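Visitor: I am new to this structure and would like to learn how to read its features. Please take me through them in order.

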Amino acid sequence: MSKNQFTSVWDAIEDTPEEAQNMKLRSSLMRELKNYITHANLSQSDAAKLFGVTQPRISDLMRGKINLFAIDALVTMAANAGMYIEMRILEAA
């Protein structure tokens, strides 16, 4: 049995470093969108209007269905809500 250590669950379960990075970005965006909805005490219907999507889409977001969301869709949702996204790129260690 291998005793590899990973910095992220995505590093452990994805097949390539590229896929792991994509999942890390998507999960971060989803977490922030969900936090926005929760802290603003928005209903799923109100969140859908604000984010420019349907209520079932918000339900998928709140349930963490990450495979249903591409990065560009999540960025669009955040921008529609007036959120600012900042990205940092670092060299791999």
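Guide: The chain holds 5 helices and 0 strands, and from the N terminus on its elements run α-α-α-α-α. Helices (H or I, at least four residues) and strands (E, at least two) are DSSP runs, numbered from the N terminus. This is a predicted model, in which local features need pLDDT of at least 70 and side-chain atom pairs count only at pLDDT 80 or more, while totals for chains, interfaces and linings use all residues. Residues are numbered from 1 along each chain as its sequence is written, and side-chain values use heavy atoms, with hydrogens and water left out.

Visitor: How many residues does the chain have, and what share of them is buried?

Guide: Buried means under 20% relative accessible area, exposed over 50%, and partly exposed in between (1.4 Å probe, protein chains only). Here 25% of the 93 residues are buried. The accessible surface of the chain is about 6,900 Å², and carbon and sulfur atoms hold 52% of that; areas come from the Shrake-Rupley method with a 1.4 Å probe, and for residues only the protein chains shown count as cover.

Visitor: What span should helix H2 have?

Guide: The expected span of a helix is 1.5 Å times one less than its number of residues. Helix H2 covers residues 17-39, which is 23 residues, so it should span 33 Å; its end C-alpha atoms are 33 Å apart, in agreement. Just after H2, asparagine 41 has a positive phi of about 55°.

Visitor: Which residues of H2 are buried?

Guide: They are Ala20, Met23, Arg26, Ser27, Leu29, Met30, Leu33 and Ile37.

Visitor: What do the buried residues of H4 pack against?

Guide: Contact means heavy atoms within 4.5 Å. In helix H4 (residues 55-62), the buried residues are Ile58, Ser59, Asp60 and Leu61, and the buried residues of H4 pack against H2, helix H3 (44-51) and H5. For the chain, among contacts between residues at least 6 apart in sequence, 50% join residues at least 24 apart.

Visitor: Is methionine 77 buried or exposed?

Guide: Methionine 77, in helix H5, is buried, because its relative accessible area is 2%. Leaving aside neighbours within four places in sequence, methionine 77 is in contact with Leu33, Phe51, Val53, Ile58, Leu61 and Phe69.

Visitor: What is the relative accessible area of asparagine 80?

Guide: Asparagine 80, also in helix H5, has a value of 42%, so it counts as partly exposed. Neighbours within four places aside, its contacts are Leu50, Phe51 and Gly52.

Visitor: What is the volume of the largest pocket?

Guide: Rolling a probe the size of a water molecule over the atoms shows where empty space is left. On a 1 Å grid over the protein atoms alone, a pocket is an open set of points where a 1.4 Å probe fits, with protein on both sides within 12 Å along at least five of seven lines; lining residues have an atom within 4 Å of a point. The largest pocket has a volume of about 710 Å³, counted as the space filled by probe spheres set on the points, which are joined across faces, edges and corners.

Visitor: Which element gives the most to its lining?

Guide: H2 gives the most, with 8 residues. The lining has 21 residues, and Leu25, Ser28, Glu86, Met87 and Arg88 lie nearest the centre.
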